[in-house]
Each structure stands twice: as C-alpha cells, then as structure tokens.
Amino acid sequence: MKRKFKFPYCRCINVNTQTGARMNVNYKIRAVQLDLARQMETMEFLKNFIDFIAEHHYNTLFLYLEWRVRTKTFDIGKKEGYSAEELRELIDYAGTRGIEIIPGLAALGHAELILNQKKFESYAELRNGMHGRFHSTQKHDFCPSHPGMRKFLESYFSEVAAIFPSEYLHVGGDEAWDIGFCPQCAEKAAAYRGEEEIYRDHFTFCHRIVTKKLGKRMMMWDDMFEYYPDILPEMPSDIVMVNWQYQLNVTGYQGHFANLVFSDRLAQYDALGFDYLVAPADYLWSNVESITNYARTHRPLGGLVTTWEKSNALLYKSYPLIAAAGWLWSGSAQDGDDAVTIAAKQIFGVTDELFLQAIRQYVAVVKRVAAPSPANLMSSAFFGPDHQELQANKTMCAILMRYSGKLRDSRTEVVLNDIIDDVILKVLAARAKLAVFQMLNGQESEPVDEIVRELSEAAESRIAACELHRGKEAAQHFRTFFEQACKALLECADTIRKKGILKVLFCLPDTYGAERVRILVRSAGKLIEVASGVFKHENDALFYHNFPLPKNIEVEAVRIEAAGFGGQGVCHVSAKTGKGGFVPAALESAGGIAEHPEHVLTPDTNFCYLGSQRIIDAFHDRTKAEMVNWIEVTMKKVEKH
C-alpha cells in the first residue's frame, strides 16, 4: 500500500561516537521471552523467531505461557493453547538451532486465564465478591491456603515438566497483590509477618515439587520481595531469581511499587548464594545497556529480554534491540553502541551511516504508544507536550521511509515496515496530544479530522500486517485500538466545544503509587461526581488532568478525596463553564491527612498532599490504605479566566 505520510527530510550530521562503557560480558544464559499468555503466536512465527535469535547469539527462549499448555489437568482449548505435540515439535526444532526452551507458568498471581473459568473459580483468593488490595474483584491470584489448589498445581507442573526437557521451570511469583484476603488467609495475615509467611510457604511448596519431584531448578520473578523482604533469606538458595528492571538507567535495584525503594539487590543475592538473571525490557536500549553495566560487578547467571503484551502490536519492531542484546551478552560487541550497530547491519544489510543512526535512535526508545482514551488525551505534563520528541520521530520516519522496498529480502522489509508503521503511529499520537492540549488552552490547533483521517489510513497498514502474520482473528485487537483512538480524539474535541472543563494540577513525586482519587463538584447545593480513578501522567511529577463538566453550571465548590497507596498532591483547581470561569476562594474543609491544604488556593506549584507517601506502611496496615483524606474548597467566579 502506498504510504501517504509525507514528512520533510532533514539533513543530518554523520555521528558515530561510542557512548557506552566497555562491557566484557559473556552470559551463560542468553534468553528472550515471548508473552504467549497475552498474545499467542503461530508455530511458523515461533520457528522463525527461533531462527532469528539463534543468528544473534542467544541460547534460550523463555515462553511465558501461564495456562496455555494443554494438559489433562487443565485444557484451555485448541484455539487458546498449545498441545504437547506442538510444543515438542517446537522444542525439537529449537534444539537443532542450539536453543533451549524454558516454560514460564503462574503459580500464584496472573492466574486469570484459569480462575475466570467457573470450574476453577473456587481456587481464587478473591471469591464470592470479595475486594482485593486495590478494591478490584478480579480473580488474579490463587488462594495459597486452598488444599485443592495445591494438588492442582502439582499435577499441572508435572504434566508441563514432562513436555519440556529443560533443567529449569519458571513458576512466576510476580505482582501477587491480593493474598491474605479470603477468610482462611486473612486469619493468617492478621499480622503482616503472617502475610509474608503465606507467600514464603507457597513458593517453598512450589520449590519442593519442582526440585524434589520433578528434578528441575525453579525460577521465579523477584519483585514481591520488595514487600516481603524478611523472607528472602528464608527462601531456598537454589532458586534462580529473575530480576526485572525497566528504568531508563539502572544503577541498582529500584522498587516497582514501594516508593521506588533502592538497594543493591544483586549484591544481596551474591551474599545469600542465589543465582539470578537480569531482565530488561524490549523497548528501551539504555535499560538493556545499563542493567548489563550494573551487573558487570556482580555474578549474574545470564540475561533475559522480556517482551510483554503484544496483542495490539507486532514484535518485529523490537528485533534490532533484541538482536543487539544478544551481541552484547555474548561478548561479541565492545559496548552497547557497537552492539546496536552490528545488529542493525546484520538485520538490514545496510551500512549507510544515516540509516544506522535512525535505527540507533529508534532502538533508544521503542516504547509502545499508550492505549488511546479521552482521559489520556485530556492530560498533559505541566509544561505541555514534548515537541522535540514529535520532530525527532518525523525525522526518523523520513529517513527510514527512503529505504522501504529497497532492502535485500522480504523478511528484512517486514522488520523495517513494522518500525516505520510504529513511528508513524507515534507521530500521529503526538499530534493528537498536541492538538487537544492547544484546544484546551484556547489556542489554534491542527484540525482533529485530519489526524483521524491519517489514523484510519495507518490502521489499514497495521491491520493488514497483523492479518498476514497472525491471522484475521488476531487483527481485531489492532482494529479496536485504532477505532478507540479515533473515537477518543473526536470525543475530546466535542467535549471541549460543548462542555465545561474542570482543570486540576496534580503533584505526584512517585508515579508508581496507586492512590484512588474521587473528585466532586458542588453546584446548586448538590454534589456531582466528576471523576474517579488513579490519575498519573507517565513519569511526570507535575501534570494537569482536565475533566468534563455539565456545560451551564455554577461551580460553587470542589471536593477532592484520596485513599490508597502513595497519596496524591493537589496544586490548584479551576473550572470554566458556560457560566464563566471559577477559581478557589477559600478553604472550606479538610480531613484525614491533608498537608498544607491552603496551597490549593494559589495558582502555583505548591501543593496540598492528601494521604501518606509511605506505600509500604499502607501495605502493612490495610486500614491506612482505606483511610479517606480530603480537601474541599469554595470557588468564586472570575470575569476572565
């Protein structure tokens, strides 16, 4: 299909300076993960992927399956899982390429594929309508105290282990937020040490099955030890810990939720005698490079590039980053920059420096486009959208388009076209964000109809690619993504034209929290709920959210409530409706923990903080997470706003 996106080509300087530190690593395990739990792939794709990673110095493929393996104990169905015969065929094929396949299961959290089936819902920790740690009733976690569940896991582990000859079996363990809530577990978890012991005992049970009965080494994700640090020294030291860190620059361990708690976790593993893998993401090259550099002074068993949630994206755009990590971890590249350059040349067969520089820039931030929604478009960083990122993507797209259709083979073209399509989507997403921001601020903006038209054209290319590589059924995720993007953009434009707007400037130093915020407006003496949810904006500490209001109301007061984990800062609120503009006039009331509520009255970045910043305290004492903290301000009308 002819591409209709025309961006001006920018002449670039030839830059080829080495920026990374010399690594000198040669990992025993060099692995890539495929997330087949969220998005199944065809056998043809899996075999081709094995060919690809074998070419780039990998020796291990980690299949994150959860419950996709069809066995006698649990068969998710032919369309939703892989048979033993299919997996053995894949294992044999991988063996011919020197690739070992490790299966990844989910022994506690991420069990929704099974727990949402009526036959197995009694195994869930949240059953009979119970709410979990974040007020959700979704069934994600097994009940560690359920005796039937233990028998079930033992049987399933045994059947899966019989298929995979690998010496390793990964049992999950991550993000198990909702243990200690059912009546039986709650009694054990009345004291926080009891909750820690529930987690410890469950995975020591898993360890006994994996090692004693099945004769394999157990792997597990290590993030829950942020919240249960006391039990780490009590875990069997022959477990292989998988340490996932996805930040821009890794200099040590940073928590995923508990106030970004920082420590030298790898040094702790070395001291306790654990083997471990470092596990960066497939969307940020500095993450791969810096975690490798950090681990250089420790003793990792290897590295695992993790890829997650590809239901509305193909994996080909991550190939240059994945390949570069293989070159880096095998000791075949001098440093990170060298690894990316070698990988790009090997994949595309192009040595032109301008092309290589564009690929380096893309690999630096592969990150996927956020799911489109009015809430996402109606929020922004304090200083507004990043124009530099928009222009960089336009330039990158213009350069890469010059090579489309001119590469050495169709496989290489697939990778390049996936990258180009992704960059086009990022350009359109940035233009949409900028247009909504300008409309919200009363500025001239690009017509949203033009962006919607180009989104529809981009959808044709993306959907066609998915149908080709995954099939028509899988392409529905792509179609839905673009339909939602277009709908969200048009809805935002309509809201700005036809409704009032409540504008809230938030301050959130730790964007890894999970504070539930409820916003209400009083008009004509009645409270109207305007919004409810967890409000963030990427990693920005200061950010605006704009919420629709009925068009012609007088805003008499605004009430903001917060409860949960990490607190929420509020700098200022204002509103604009058909009746005029409204700003704070006086503090009416405040309760719970509300530090400096008077700061909300002035239009600056001083903030009132609602709730406690100490996430781990709320983890230890659930009453603190349930405590409602609030501020209510009286509003006054202003002539111009």
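Visitor: Happy to be here! Among contacts in the chain between residues at least 6 apart in sequence, what percentage join residues at least 24 apart?
Guide: Welcome! This is a predicted model, so the answer describes the contacts as modelled. Counting contacts between residues at least 6 apart in sequence, the share that joins residues at least 24 apart is 78%.

Visitor: How many helices and strands does the chain have, and what is its radius of gyration?
Guide: The secondary structure comes to 18 helices and 21 strands. For 641 residues the globule rule gives 26 Å, and the chain is close to that, so it is as compact as a globular protein of that length. Its C-alpha trace spans about 75 × 65 × 45 Å along the principal axes. The radius of gyration itself is 26 Å.

Visitor: Which residues of the largest nonpolar core touch the most other members?
Guide: In general, nonpolar side chains of soluble globular proteins tend to be buried together. Here, buried residues make up 58% of the chain, and the largest nonpolar core holds 175 residues. Helix H14 (residues 410–440) gives the largest share of this core, 13 residues. The members that touch the most others are Phe-49, Phe-142, Tyr-199 and Phe-348.

Visitor: Which residues does Phe-49 contact, leaving aside its neighbours within four places in sequence?
Guide: Phe-49 is one of the core residues that touch the most other members. With those sequence neighbours set aside, its contacts are Val-32, Leu-34, Leu-61, Leu-315, Tyr-319 and Ile-322.

Visitor: How many aromatic pairs are there in the model?
Guide: Rings of Phe, Tyr and Trp pair if their centres lie within 6.5 Å. By this rule the count comes to 47.

Visitor: Are the rings of Phe-52 and Tyr-319 stacked or edge-to-face?
Guide: Phe-52 is in helix H1 (residues 43–55) and Tyr-319 in helix H9 (residues 319–329), so the pair ties together parts that are 267 residues apart in sequence. Both Phe-52 and Tyr-319 are buried. Planes under 30 degrees apart count as stacked. With ring centres 4.0 Å apart and planes at 20 degrees, the pair is therefore stacked.

Visitor: And Phe-74 with Phe-120: stacked or edge-to-face?
Guide: Phe-74 lies in the loop between strand E2 (60–64) and helix H2 (84–96), and Phe-120 in the loop between helix H3 (112–115) and helix H4 (147–163), so this pair joins parts 46 residues apart in sequence. Phe-74 is buried at 2% relative accessible area, and Phe-120 is buried at 7%. The centres are 5.3 Å apart and the planes are at 80 degrees, making the pair edge-to-face.

Visitor: Which ring does Arg-622 lie over?
Guide: Arg-622 is one of the residues in contact with Glu-195. Arg-622 also sits over the face of a ring, 3.8 Å from the ring centre, and that ring belongs to Phe-181.

How values were computed:
Residues are numbered from 1 along each chain as its sequence is written. This is a predicted model: local features need pLDDT of at least 70, side-chain atom pairs count only at pLDDT 80 or more; totals for chains, interfaces and linings use all residues. Side-chain values use heavy atoms; hydrogens and water are left out. Rings of Phe, Tyr and Trp (its six-membered ring) pair if their centres lie within 6.5 Å; planes under 30 degrees apart count as stacked, over 60 as edge-to-face and the rest as tilted. Helices (H or I, at least four residues) and strands (E, at least two) are DSSP runs, numbered from the N terminus. Buried means under 20% relative accessible area, exposed over 50%, partly exposed in between (1.4 Å probe, protein chains only). A charge sits over a ring if NZ of Lys or CZ of Arg is within 6 Å of the ring centre and within 35 degrees of the ring normal. The radius of gyration is taken over C-alpha atoms; the globule rule is 2.2 Å times the number of residues to the power 0.38. Contact means heavy atoms within 4.5 Å. A nonpolar core is a set of buried Ala, Val, Leu, Ile, Met, Phe, Trp, Tyr and Cys residues joined through side-chain atoms within 4.5 Å.
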